[in-house]
Amino acid sequence: MKQRKHLDIGNRAPSFRLKNLDEEIFDIEDDNSKFTLIDFWASWCMPCRSQNPEFVKLYKQYKDKGLEIVSISIDEDLNAWEKAIKKDSMTWVNLRDSNQIVANKYYMYQIPMTILTDINGKIIGKDLNVFTYDNNEPSFDTMLDSLITK
């Protein structure tokens, strides 16, 4: 818990470099998006897979307004990872962290796990609710709307 303090709102998110589906290196430091949603997941994780359709909607709605999604899979099975990306229509940045080196930098304790950063890499949200249902917690799209209009 003490280590996770590094991921408090207002702190800079840890940097990382991982390979995408095409074996190209993606460096988070090169991301110039207004907002970046970092999502830790795996193809075998049903809660992760159930939120992917929500990410598809969010990405379509906000990608032209400055949102990038960077999904980091902890899958060990390359084929399962690729199939899940295709099946779930995940058209954003998809990276694989099978050795969980980046996951450890982010003190990942469960999946799915999300971190939202601004253009400077500063953490502005964590463990975000992507589902829109009636409760006291604002949904991710409500949060994005308020950030984008600032």
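Q: Which residues of α1 are called buried?
A: They are Cys-48, Arg-49, Gln-51, Asn-52, Glu-54, Phe-55, Val-56, Leu-58, Tyr-59 and Tyr-62. Buried means under 20% relative accessible area, exposed over 50%, and partly exposed in between (1.4 Å probe, protein chains only). This is a predicted model: local features need pLDDT of at least 70, side-chain atom pairs count only at pLDDT 80 or more, and totals for chains, interfaces and linings use all residues. Residues are numbered from 1 along each chain as its sequence is written, and side-chain values use heavy atoms, without hydrogens and water.

Q: What covers the buried residues of α1?
A: The cover includes β3, β4, α2 (78-87), β6 and α4. Contact means heavy atoms within 4.5 Å. Helices (H or I, at least four residues) and strands (E, at least two) are DSSP runs, numbered from the N terminus.

Q: Where is the kink in α1 centred?
A: On Pro-53, with a kink of about 30°. The bend at a residue is the angle between axes fitted to the seven residues ending there and the seven starting there.

Q: Why is Asn-79 called partly exposed?
A: Its relative accessibility is 48%, so Asn-79 counts as partly exposed. Asn-79 is found in helix α2.

Q: Which residues of α4 are buried?
A: Phe-140, Leu-144, Leu-147 and Ile-148. Seen down the axis of α4, they fall within an arc of 90°, so they line one face of the helix. The arc is that of the directions from the helix axis to the C-beta atoms.
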